[in-house]
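The stops below proceed from one selection to the next.

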Amino acid sequence: MNRILIVEDLPEKADEIKVVIAKAFPNIEIEERTSYHSAIEEIYQNHPRYKLILLDISMSTFDVNVEENGGLPESLAGKRILQGMYLRDIPTKVKVVTMYESFDGKSIKELDRELKEDNPDSYDGFIFFSFKKSEWKKQLVEYLNTVIC
């Protein structure tokens, strides 16, 4: 069974991604984490279970729940997750799915080059997500066809 981990703190975006995956690949199991800390815990402990990680770059430090407000927003949390994976030799492929064009003054293209250089074994590029446009859906399905099938 193929399993994907989605790391995304915006529920509407995560739902859109899950709908696209479920429609094109009904046999893929999807796990979801919504913050930096819950993602690193899941990845560090269970990475062999996943064929792929779809990763947001910007997210909250902690999960939002009754006891926790989510902590601080981290504009480069996804980059930190990739760094931790590199340090632990976690080879699981990572595709960034983002709706932002810049992060802390860096364009997505600059960040893409940096992530490829720093994480050549796991980082596999990015898809630019949009609620208004649907090109990302086609890109995601095409990408999943190369990784999953």
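Helices (H or I, at least four residues) and strands (E, at least two) are taken here as DSSP runs, numbered from the N terminus. The model is a predicted one: local features require pLDDT of at least 70, side-chain atom pairs count only at pLDDT 80 or more, and totals for chains, interfaces and linings use all residues. Residues are numbered from 1 along each chain as its sequence is written, and side-chain values use heavy atoms, with hydrogens and water left out.

**Helix H3**

Select residues 77–87, which form helix H3. Its buried residues (buried means under 20% relative accessible area, exposed over 50%, partly exposed in between, with a 1.4 Å probe and protein chains only) are Ala 77, Gly 78, Lys 79, Ile 81, Leu 82, Gly 84 and Met 85. After H3, proceed to Asp 89, where phi is positive, near 55°.

Return to Lys 79 within H3. Is Lys 79 buried or exposed? Lys 79 has a relative accessible area of 14% and is therefore buried. Leaving aside residues up to four places away in sequence, Lys 79 touches Ile 57, Lys 106, Leu 111, Glu 114 and Leu 115; contact means heavy atoms within 4.5 Å.

**The sheet**

Next, display the strands. Strands of a sheet pair through backbone hydrogen bonds, either parallel or antiparallel. Two strands are counted as paired if DSSP finds at least two bridges between them. Five strands form an open sheet in the order E2-E1-E3-E6-E9, with parallel pairing. E2 and strand E9 (123–128) stand at the edges with a single partner strand each, so one side of each has no neighbour in the sheet. From one strand to the next, the twist averages 20°; axes are lines fitted to C-alpha atoms, for helices over the stretch in contact, and angles run from 0 to 180 degrees between N-to-C directions.

Zoom in on strand E1 (residues 3–7), which pairs with E2 in the parallel sense over five bridges. Here Ile 4 stands opposite Ile 30 in E2.

**Helices H1 and H5**

Two packed helices are described by the angle between their axes and the distance between the axes. Select H1 and helix H5 (residues 135–147), which pack at an angle of about 50° with axes 10 Å apart. H1 and H5 are therefore oblique to each other; angles under 35 degrees count as roughly parallel, over 145 as roughly antiparallel, 65 to 115 as roughly perpendicular and the rest as oblique. On the H1 side, the contact is made by Glu 16, Ile 17, Val 20, Ile 21 and Ala 24. H5 contributes Trp 136, Lys 137, Leu 140, Val 141 and Leu 144.

**Salt bridges**

Finally, show the charged side chains. A salt bridge is a side-chain nitrogen of Lys or Arg within 4 Å of a carboxyl oxygen of Asp or Glu. How many salt bridges does this rule give? The count is 14.

Select Glu 32 and Lys 18, whose closest N and O atoms are 2.7 Å apart in a salt bridge. This pair links distant parts of the chain, 14 residues apart: Glu 32 lies in strand E2 (residues 29–33) and Lys 18 in helix H1 (residues 11–24). Glu 32 is partly exposed at 25% relative accessibility, and Lys 18 is partly exposed at 24%.

End at Arg 33, which forms salt bridges with Glu 31 at 3.2 Å and with Glu 42 at 2.9 Å. Arg 33 and Glu 42 are buried, whereas Glu 31 is partly exposed at 26% relative accessibility. A network of salt bridges links Glu 31, Arg 33, Glu 42 and Arg 49.
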